[in-house]
Amino acid sequence: MPELPEVETVRRNLTAAMVGARFERVECRRADLRFPLPERFSDRLQGARIEALNRRGKYLVAPLSSGESLVMHLGMSGRFSTEGAQRLRPGGVYFDSAPIAAHDHVVFDMRAGNERVRIIYNDPRRFGFMDLIATESVSQSRHFEGMGPEPLSEDFTPAALISALHGKKAPIKSALLDQSVVAGLGNIYVCEALYRAGVSPRRSAGSISAARVRRLHPEIIGVLQAAIAAGGSTLKDYAAPDGAAGGFQERFAVYDRSGEPCGRCRRPIRRVVQSGRATFFCGTCQR
Ligand SMILES: [Zn+2]
């Protein structure tokens with residue numbers, strides 16, 4: 001599932017094609033993705049200009065000239081590609097699974113001045129979705145109400161993290177996946193941040209000393225920044241809109257590396273299942 005660095009990479013890649021452009025034509029090839037598309041989706045987008053392309057957690061949010069915002073979530077396997085003045089899906093791409101046109105569910109024909117660009121949303125598993133919400137009420141909408149701070153914003157301070165984890169009995173791994181604690185983290189970057197900080201994923205969140213949470217905090221930020229700089233991680237179902245693979249998966253210290261030697265102590269990386277999700281960690285270096 002795309003996490004914050006992958007969604008941020010998509011946002012950066014789509015910005016040039018989308019921001020300032022108007023929807024000339026919107027084609028929905030099915031009535032639903034994970035959820036039904038909003039009523040009169042095409043009509044409401046038609047003619048509207050995209051004012052900005054923002055990210056909140058794992059969501060893309062595009063405020064429009066119409067007063068509504070287009071909210072997009074990639075789910076498990078959603079991806080955008082663009083075709084137009086600059087073809088951003090050239091032949092030699094690195095999709096682990098090539099997009100099949102049958103899964104092209106939504107097509108945006110955009111125009112900015114004389115430039116036309118087609119943006120295609122492809123999603124084989126259809127866990128992604130799109131929504132239209134009045135821009136003034138986006139932050140109170142069901143998608144964002146109660147969502148925790150953005151980890152790369154000034155709101156995410158060591159004190160905020162200490163306070164969010166206080167009294168939580170759940171394992172720290174699960175607590176960091178909770179989007180009300182901090183937005184945008186998923187399985188990969190939680191495993192990596194806990195390894196960097198030397199914190200066991202199985203430790204109860206509320207039992208970790210404030211001093212150790214203060215050491216964990218910059219590791220969360222650091223792993224996200226490193227992953228964004230690498231263009232995200234490419235797993236089975238993710239590729240950036242230009243088709244290029246992200247490179248961070250080559251730098252995973254623990255994620256998907258069970259049995260391989262820990263980079264610090266050389267003992268094998270372990271894999272356990274927590275709340276139905278695989279956790280990778282070093283039983284020696286993480287306490
Ligand atoms: Zn180790």
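## Zinc site

Donors are N, O and S atoms within 2.8 Å of the metal. In this predicted model, the zinc ion has as its protein donors the SG atoms of Cys262, Cys265, Cys282 and Cys285, at 2.2 to 2.4 Å. Along the chain these donors follow the spacing C-x2-C-x16-C-x2-C. Cys265 and Cys282 link distant parts of the chain, 17 residues apart: Cys265 belongs to the loop between helix 6 (210-229) and strand 9 (270-274), and Cys282 to the segment after strand 10 (277-281).

The arrangement is tetrahedral because the 4 donor atoms subtend angles of 100 to 116° around the zinc ion. For four tetrahedral donors, the ideal angle at a metal is 109.5 degrees. Cys265 has a relative accessible area of 24% and is therefore partly exposed, whereas Cys282, with a value of 0%, is buried.

## Helix 5

Helix 5 spans residues 187-197 and is mostly covered, with 10 of its 11 residues buried. Among the buried residues are Asn187, Glu192, Leu194 and Tyr195. The elements that cover the buried residues of helix 5 include helix 1 (4-18), helix 4 (172-177), helix 6 and strand 10. Just after helix 5, Gly198 adopts a positive phi of about 70°.

## Second largest pocket

The second largest pocket has a volume of about 220 Å³. It is lined by 16 residues, of which Arg34, Lys58, Tyr59, His73 and Gln179 are the closest to its centre. By class, the lining of this pocket comprises 7 nonpolar, 5 polar and 4 charged residues.

Notes:
Residues numbered from 1 in each chain as written. Predicted model: local features only at pLDDT ≥ 70, side-chain atom pairs only at ≥ 80, totals over all residues. Heavy atoms only, no water. 1 Å grid on protein atoms, 1.4 Å probe; cavity = no way out; pocket = protein on both sides within 12 Å on 5 of 7 lines; lining within 4 Å. Points joined across faces, edges and corners; volume = space filled by probe spheres on them. Nonpolar A, V, L, I, M, F, W, Y, C, P; charged D, E, K, R; others polar. Donors = N, O, S within 2.8 Å, 3.2 Å for Na, K, Ca; no water. Tetrahedral: all angles 85-135°; square planar, octahedral: opposite > 155°, others 65-115°. Helix = DSSP H or I, 4+ residues; strand = E, 2+ residues; numbered from the N terminus. Buried < 20%, exposed > 50% of the residue type's maximum accessible area, 1.4 Å probe, protein only. Contact = heavy atoms within 4.5 Å.
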